[in-house]
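Hi,

Here is the structure I promised to pass on. Have it open while you read, and my notes follow below.

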Amino acid sequence: MFYFDNIKGKKILRSDLIKNADIFFTTKDICICDKSDFDNPEITKNKDILCDYLKIKHQNLILPVQTHSKNIELVDDDKYNYPDTDGLILTDKNKAIFLNFADCTPLVFYDERQNIGAISHAGWKGTAQKIGVLTVEKMVKDFGSRISDISVLIGPAISLCCYNVGDEVFEQLRATVNNFEGLYKKDNGKIFVDLKNINKKQLAEIGIIKFDICPYCTCCDNEYFYSYRKENATTKRHSAVLKLK
């Protein structure tokens, strides 16, 4: 179940599904990314708060350059830049990773047995490319994870109620799962899709059974989270953050 918590009085969102790693989603209360102003003093102050809480240096809070790709990388000891990357896998307890969102679906993975985690960015393009499935497959192939040990958090994102798409996007998403019933609706000639549950179904089809799906819609619950659609292409983002214990 998802619930609100705070770090030094700043609201964050957590799930009780995963207890052995530090995983949370920031809110508008503690924004750590503004794509139009990376040097904003408020952003820097919020990063200071997070790094102090996580007990890491700024340079060890790793952010990839997200491009709606299907590219997934391991966070290496001496590497800090990850261009054209929409999924990061973390095995190092001395670093933390974060990815940014403003309607797209955050996917967070944790393997308790191996103590490794990952975050992937699943907008419609990432979902169509099954980036969640690719992340799990990489964890299994490269790190010996067992699918039965992986838990998945599906974070705050635009929901079925608000995410209308065109025919081409609809067809690409429909092709990613065996049965698309319940994952879309049609209303007054418009098509709406459920990115959160499309990603869940993709992952369930390869054997994942441990999920927690965030009930918040970034568009409806805009007081907590950023929405690219509702806020006229805002450059601010909320983030999914992961640090291993």
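This is a predicted model: local features need pLDDT of at least 70, side-chain atom pairs count only at pLDDT 80 or more; totals for chains, interfaces and linings use all residues.

For the terms: two strands pair if DSSP finds at least two bridges between them. Helices (H or I, at least four residues) and strands (E, at least two) are DSSP runs, numbered from the N terminus.

Residues are numbered from 1 along each chain as its sequence is written, and side-chain values use heavy atoms, with hydrogens and water left out.

Back to the sheet. Strand 12 pairs with strand 14 (residues 190-193) in the antiparallel sense, over two bridges. Contact means heavy atoms within 4.5 Å.

Next, have a look at strand 11. Five of the five residues of strand 11 (residues 150-154) are buried, so the rest of the structure largely encloses this strand. Buried is under 20% relative accessible area, exposed is over 50%, and partly exposed is in between (1.4 Å probe, protein chains only). Ile150, Val152 and Ile154 point one way from strand 11, Ser151 and Leu153 point the other way, and all are buried.

Which strands does strand 11 pair with? Strand 9 (residues 105-111) pairs with strand 11 in the antiparallel sense, over five bridges, and leucine 107 has isoleucine 154 in strand 11 as its bridge partner. Strand 15 (residues 210-213) runs parallel to strand 11, joined to it by four bridges; there, leucine 153 stands opposite aspartate 212.

Serine 151 is worth a click while you are in strand 11. Serine 151 counts as buried, at 8% relative accessibility. Leaving aside neighbours within four places in sequence, serine 151 is in contact with Leu17, Ile18, Val108, Phe109, Tyr110 and Lys210.

Now the charged pairs. Side chains of opposite charge can pair when their charged atoms come close. The rule used here for a salt bridge is a side-chain nitrogen of Lys or Arg within 4 Å of a carboxyl oxygen of Asp or Glu, and the count comes to 10 salt bridges. Here are some of them:

- Lysine 8 with aspartate 52: the closest N and O atoms are 2.6 Å apart. The pair links distant parts of the chain, 44 residues apart, with lysine 8 in the loop between strand 1 (2-7) and strand 2 (10-15) and aspartate 52 in helix 1 (residues 41-54). Lysine 8 is exposed, at 59% relative accessible area, whereas aspartate 52 is partly exposed at 45%.
- Arginine 113 with aspartate 149: the closest N and O atoms are 2.7 Å apart. Arginine 113 sits in the loop between strand 9 and strand 10 (116-122) and aspartate 149 in the loop between helix 3 (131-143) and strand 11, 36 residues apart. Arginine 113 is partly exposed at 40%, but aspartate 149 is buried at 14%.
- Glutamate 205 with lysine 201: the closest N and O atoms are 3.6 Å apart. Glutamate 205 is partly exposed at 32%, and lysine 201 is partly exposed at 26%.

There is also a network of salt bridges that links Asp5, Arg14 and Asp22.

One more residue: serine 227, in the loop between strand 15 and strand 16 (236-244). Buried or exposed? Serine 227 is buried, with a relative accessible area of 0%. Not counting residues up to four places away in sequence, serine 227 touches Ala102, Asp103, Thr218, Cys219, Asn222 and Thr234. Its C-alpha atom is separated by 8.4 Å from that of alanine 157, which is 70 residues apart from serine 227 along the chain.

Cheers
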